[in-house]
Amino acid sequence: MNAAAAMHAERVLAGAIAASGRARVIAATGNSQLGFLHRLAESTTVDWSRVELFHLDEYVGIAADHPASFRRVLHEHFVDRTGIPTFHALDGDGDLDAVRRTVGEALQRAPIDVAFVGIGENSHLAFNDPPADFETTDPYLVVTLDEACRRQQVGEGWFPTLGDVPTRALSMSIRQILTAREILVIVPDHRKAAAVAAVLTGPITPDVPASILRTHASTTLYLDEASASVVDPAALSRLNA
């Protein structure tokens, strides 16, 4: 799964650079993304000096050197491995209005070539927990994290207890994510299987935030056997057709 997604991402990045001289990218973090990011960072085809990276989401109130900081995770697992020169990090312990404005303005200066995202156990997209806002066009929002989302962060080992998980986050909005020319969705692990089934076969609704991805003309979903395990095979065949 990670290798296939990384090969796809490599083609998109190299194509964007060939066409316009640069590639503008959104990247997620979390355990589900690390294997993919590691494989992609190994690419020798992509001219990483021509890649501009935007941050999908970040906790409010934790420093950049906190073990769970998504800024730190992206630097350690992707930016520092590739030498990407321009990374628009979200400063979750800074002036939130200023961060939203500054990074949002940079984000909207030109089209985004590709977004790399995941799906949460509660079917969230970025930190847009259910019921998600499908309407706002603001590039970034300050959102409240629901308990299911916060428990996922404990389960993945980022925080020792539920009380240690921040209750708020900076998140790219749903509408902003959907402006990307391509979206690659990387979703491993059995704990995501129920969410994947809801996203693929249920209604498109704010109660299943990632279901909105079915409205995007160029979204590719990468699953492993575990995350695909509760989806009706016939439904997967129809989606692949």
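Colleague: In β2, which residue is the bridge partner of Ala23?
Modeller: This is a predicted model, and in it strand β1 (residues 23-27) pairs with β2 in the parallel sense over five bridges. The two strands also belong, together with helix α2 (residues 31-41), to a right-handed β-α-β unit. Within β2, the bridge partner of Ala23 is Val51.

Colleague: Which residue in β4 does Phe54 stand opposite?
Modeller: Strand β2 also runs parallel to strand β4 (residues 86-88), to which three bridges join it. In that pairing, the residue of β4 that Phe54 stands opposite is His88.

Colleague: Which residues of β2 point the other way from Val51, Leu53 and His55?
Modeller: In a regular strand the side chains alternate between the two faces of the sheet. Opposite to Val51, Leu53 and His55 point Glu52 and Phe54.

Colleague: How many residues does the largest nonpolar core have?
Modeller: In soluble globular proteins, nonpolar side chains tend to be buried together. Here the residues with the most contacts inside the largest core are Ile26, Phe54, Leu56, Val117, Leu125, Ile177 and Ile183, and the elements giving two or more residues to this core include β5 (114-117), α6 (174-177) and β8 (182-187). A second, separate core, which includes Ala9, Ala27, Trp48 and Phe78, has 28 residues, whereas the largest nonpolar core has 39 residues.

How values were computed. Residues are numbered from 1 along each chain as its sequence is written. This is a predicted model: local features need pLDDT of at least 70, side-chain atom pairs count only at pLDDT 80 or more; totals for chains, interfaces and linings use all residues. Side-chain values use heavy atoms; hydrogens and water are left out. A nonpolar core is a set of buried Ala, Val, Leu, Ile, Met, Phe, Trp, Tyr and Cys residues joined through side-chain atoms within 4.5 Å. Buried means under 20% relative accessible area, exposed over 50%, partly exposed in between (1.4 Å probe, protein chains only). Helices (H or I, at least four residues) and strands (E, at least two) are DSSP runs, numbered from the N terminus. Two strands pair if DSSP finds at least two bridges between them. A crossover is right-handed if, with the strands pointing away from the viewer, the path from the first strand over the helix to the second runs clockwise.
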